[in-house]
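Subject: Structure handover

Hi,

Here is the structure I promised to pass on. My notes follow below it.

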Amino acid sequence: MMSIEEWVEGAATAVILGHVHPDGDCVGSCLGLRSYLRAVKPELCVQVYLEPFAGEFHFLTGADAVSPDFYEEKSYDICFALDCSDRERLGDAVRYLDGAKRTVCLDHHITNEGFADVNVIRPHASSTSEVLAELMEPGKMDRATAECLYLGIVHDTGVFKHSNTSEKTMRIAGALLAKGVSSSHIIDDTFYRKTFGQNRILGCALLAAELRLDGRLIASCVTGKDLERCGVTNRNLDGIIDQLRVTEGVEVAVFLYEAGPGEYKVSLRSNDLVDVSRIARSFGGGGHVKAAGCTVAGTCGDILERITALAAEQLGQQEDGAAAH
């Protein structure tokens, strides 16, 4: 497989894209690749396009150079699409993918079927940041690059506690720390610390939660009015789905928030028995076996009924299989 340096050989311009509503892994991988490219090929003009992202990520090197304007008339020699399971996840930025001379997709989502000229998809990796760390020459990686990638890994592993955390993940994280990264700063200030508004919306979501399927599924939904009342936006909802998931006896957690009239963003998490990527795919979404998402039109109640039925079907299949043995 070609290296990052070989991919950009002969290119004068490069563009880096991430998915809509960028999370920690998306931001970390995009800015990490930017820093690395600027270090190994200083003459390369590199632009990152991302939707506005959480303020706690703004300390990362290059965050102030990210463009949120996807309507600039530009074409690039090479386009990197990061942390996107399909081209639709790029949103309006897909125009830069379509206009580039060469395209590369780097991802870790099992539902990614490959939509670029070169596709490096590693479903067993904890994050796209981990995928990138493996592709980079350690001796060419500086502290700024390592900081971005470490943040991405921290956020997609839930501070190394999710099942996607492997021995390789920990080795890579250790190598990044050796570059001078402050682990406590990244973990405390970008993952655990919450604003008063974020704590209020978490409380709202927990109060609205309900158990289904004899306590094996937990679900919650917040509306646009809830967000307004708590003084937050949809970029301030990180951590809610994970708090739901750790409820005793739960196999599946479902969190919905109103993205627009009659439209909901859905986050899905599984502990062991349910493949939530299958559920997400049935609604046109994607993700991993234990973490997935989608956007669904309808009412909160109707959407939850459909998801509950799909989860019940999988749980029933597991029970039938166990009984057969």
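Start at tryptophan 7. Leaving out residues up to four places away in sequence, Trp7 touches Met2, Ile78, Phe80, Arg102, Val104, Leu106, Val118, Val120 and Leu135 (contact means heavy atoms within 4.5 Å). Some ground rules: this is a predicted model, where local features need pLDDT of at least 70, side-chain atom pairs count only at pLDDT 80 or more, and totals for chains, interfaces and linings use all residues. Residues are numbered from 1 along each chain as its sequence is written, and side-chain values use heavy atoms, with hydrogens and water left out.

Trp7 is among the residues with the most contacts inside the largest nonpolar core, which has 51 residues. Such a core is a set of buried Ala, Val, Leu, Ile, Met, Phe, Trp, Tyr and Cys residues joined through side-chain atoms within 4.5 Å. Buried means under 20% relative accessible area (1.4 Å probe, protein chains only). Another core, of 23 residues, lies apart from it and includes Val274 and Phe283.

Next, the sheet. Five strands form an open, parallel sheet in the order β2-β1-β3-β4-β5. Strands are DSSP E runs of at least two residues, and helices are H or I runs of at least four, numbered from the N terminus. Two strands pair if DSSP finds at least two bridges between them. β2 (45–49) and β5 (118–121) are the edges; each has a single partner strand, so one side of each lacks a neighbour in the sheet. Five bridges join β3 (78–82) to β4 (102–107). Phe80 has Val104 as its bridge partner in β4.

Last, threonine 169. Thr169 sits in helix α6 (167–177). Thr169 is buried, at 0% relative accessible area.

Best wishes

Terms used: Buried means under 20% relative accessible area, exposed over 50%, partly exposed in between (1.4 Å probe, protein chains only).
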